[in-house]
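Thank you for sending this model for comment. My notes are set out as numbered points, to be read with the structure open beside them.

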Amino acid sequence: MQPDLNNYKVLVENVKDYAIFILDTDGHVTSWNKGAEKIKGYKEQEIIGRHMSVFYTKEDIEKKIPEKNLQNAKRLGQFEDEGWRVRKDGSLFWASVTFTALRDKKGNLTGFGKLTRDISRRRQNEDEIQRLNRQLENQLQLSQTEVLDYKHALDESSIVAITDQKGIITHVNNNFCKISKYSKEELLGQDHRIINSKYHPKELIRDLWVTIANGKIWRGELKNRAKDGTYYWVDTTIVPFINEKGKPYQYLAIRSDITQRKLAEEQIIRINQNLEKKIKERTFELTEALEREKEVSDMKSRFVSMASHEFRTPLSAILSSTSLVDHYKDPEQSEKRHKHIERIRSSVRNLTDILDDFLSLDKLEQSKVDVNNTHFDLHKLVEDVTEETSGMMKKKNQRVNVLHDGQGEIVQDKKIVRNILLNLLSNAIKYSPEDGEIIIRTASKNNKVSVSIEDKGIGIPSEAQKDLFSKFFRARNAANIQGTGLGLNIVKRYMELLDGSIYFVSEENKGSTFTIEFAQKADSEKQGNNGT
Amino acid sequence: MKKILVIEDNTEIRENTVEMLELNNYKVFSAKNGNIGFQLAKKNKPDVILCDMMMPDTDGREFLQLAKNHVIVRKIPLIFFSAGSPLPDIKKKLIKEADDFLEKPFSEEDLLHAIERALKKQMINF
């Protein structure tokens, strides 16, 4: 089939994206299509007959590039070139050009076909890609340098370790080895717990793992144990590295040594604790001292009020009796005079007794009482004491009933036993009603002697019983009855000197029974001892 | 003759006080506790009552309560005496409610002065 040349011509003339035209053998334009017009800016009538060198830059013309192109095409049959071309308006574009040598049937050159494409955009894109690549390369290099710098700085300044997600050490730096005293070889592949000090509560360690396993950064202060068993403190930041699934695949631990600071802190805490302890001790001592002082002060005020009352009552009797003696000057009033003189004597005795109590107590408190054991008859002593107090009893019309059991021969300090009995019997009389009966029982058994004195008096209120032997103590129901509150305290101290015991059974408004118990024969070593 | 009531548990002091007053021409009644004293006061209507504050049975405070609630006895001048000094606050309050106060030991002169002061007051009271 013969090709329809006309159809080709139409097709070529209407191609818009390619400049297709024909040159004569010298390079003059002989045909022009729409693509050529669009790319180069010349209309057909403007360009036909003109030499194709108008499409080249001055530099290319000087280099005779147009001629060389044509010669190449002539020689090779076809030649491709890329380069800058000039439009009618003088602007440049990057062109891809194909020359084809046209020949007749005999092989004689008739001209050249030229196809030109504007590939400026492609060229621009390539340039951009190249520029970007260069930039990327620069940046990558910069980043790599920076990362290395960072790593260097980190290694210089910090203790660095990397573990896998299970806590197995995969990297440590020199600082890590230095502080932990392990070598790199000893650490790599080991569980990170190798430096665990067991100092921290489990909750803290659990919190650490939960935090980093969830991809969060953990910060805190940890105490670690070095290879040699010493401890060091590190301020720790653990950064999890997250994989594309969002799971941590390794942990970077950056630490700094804060051992000195921690030691200082611990020392401060220790000092504080010591201080607190000291303060507590001092406070306790002070409180105790204050309490003692308060006790002494209470004692003093109790003493003052007691002494005041106990002294003022006999002094009252003395003062009034003295005044009454003055009234009875006549010889026939001698009986009344004598009564008052006797009253004065009795009151002075009363005052002397109180003073004696004080002196006894003072001696007892200073352990200045000597124990002088002698043989004597306890039964006889009880009767003597009863006789001594008969005056008091007579006044209140009281009776005493003495019952002995066993033998009365004992070895003890007679003076002390006498004082004890006198004290207890006086109390029984004082706190018993008029016409009351007092029973004294003695007993001796297995080298033990006991004396009990029973009264049917006011009794001791139960709440007062525990304090009964305290100095200056007076029970509620005895407040208005004369007494120093010293007697039972003295008795108790005397009983201690005798290595004996005293106890009582009492009920308010029913009466009391006081019982003393001591050895029938006192320890001879005690003889002459001052009773400490 | 003016009548005086002495309430005091201590035998010596009670007897001595009565004796001193009798020697100074007073008619004297005496009691050893507040309760007996109050009965005597109601019965004999004394011009002055002397009462000890500390007594084993009914004491001065209880006597004062009884006296305050009696239409006649409450008008009789009351002199407290006490051996307690320094005085606890409770006693100081009690003394304020009485007309006078004598501190033990007191002299015959102190006693007579106190009685005379009380008698003057009694005259105003009636």
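This is a predicted model: local features need pLDDT of at least 70, side-chain atom pairs count only at pLDDT 80 or more; totals for chains, interfaces and linings use all residues.

1. Residues are numbered from 1 along each chain as its sequence is written, while chains are lettered from A and ligands numbered from 1 in the order in which they are written.

2. Chain A holds an open sheet of five strands in the order β11-β13-β14-β16-β15, with mixed pairing; strands here are DSSP runs of E of at least two residues, and helices are runs of H or I of at least four, both numbered from the N terminus, and two strands pair if DSSP finds at least two bridges between them. The edges are formed by β11 (399-404) and β15 (501-507) of chain A, each with a single partner strand, so one side of each is left without a neighbour in the sheet. On average, and with direction ignored, neighbouring strands of this sheet are turned by 15° against each other.

3. Within the sheet, strand β13 (residues 437-445) of chain A runs antiparallel to β14(A) and is joined to it by seven bridges, with A:Lys445 having A:Lys448 as its bridge partner in β14(A). The hairpin of these two strands has two residues between them, and A:Asn446 there takes a positive phi near 50°.

4. β14(A) also pairs in the antiparallel sense with strand β16 (residues 511-519) of chain A, over seven bridges, and A:Val449 stands opposite A:Phe518 in β16(A). Seven bridges likewise join β15(A) to β16(A), again antiparallel, with A:Ile502 opposite A:Ile516 in β16(A).

5. The axes of helix α12 (residues 378-388) and helix α14 (residues 414-430) of chain A come within 10 Å and cross at roughly 45°, where axes are lines fitted to C-alpha atoms, for helices over the stretch in contact, and angles run from 0 to 180 degrees between N-to-C directions. That makes α12(A) oblique to α14(A), since angles under 35 degrees count as roughly parallel, over 145 as roughly antiparallel, 65 to 115 as roughly perpendicular and the rest as oblique. Residues of α12(A), including A:Leu381 and A:Val385, meet residues of α14(A), among them A:Leu421 and A:Leu425, a contact being two C-beta atoms, placed from the backbone, that lie within 7 Å.

6. By class, that contact of α12(A) with α14(A) has seven nonpolar, one polar and three charged residues; Ala, Val, Leu, Ile, Met, Phe, Trp, Tyr, Cys and Pro count as nonpolar, Asp, Glu, Lys and Arg as charged, and the others, Gly among them, as polar.

7. α14(A) also packs against helix α15 (residues 487-497) of chain A, at an angle of about 150° and with the axes 10 Å apart, and the two helices are therefore roughly antiparallel to each other. Residues of α14(A), including A:Ile420 and A:Leu424, meet residues of α15(A), among them A:Ile490 and A:Tyr494, and the residues of this contact divide into eight nonpolar, four polar and no charged.

8. A:Arg193 lies in the loop between α8 (184-187) and α9 (202-213) of chain A, and A:Arg193 is exposed, with 10 other C-beta atoms within 10 Å. Its C-alpha atom is separated by 9.2 Å from that of A:Asn224, 31 residues apart along the chain.

9. Chain B has five helices and five strands, which run β-α-β-α-β-α-β-α-β-α from the N terminus on. Of its 126 residues, 45% count as buried, and residues 24 or more positions apart account for 60% of the contacts in chain B with a separation of 6 or more.

Definitions and conventions. A residue is buried if 20 or more other C-beta atoms lie within 10 Å of its own, exposed if 12 or fewer, and partly exposed in between; C-beta atoms are placed from the backbone.
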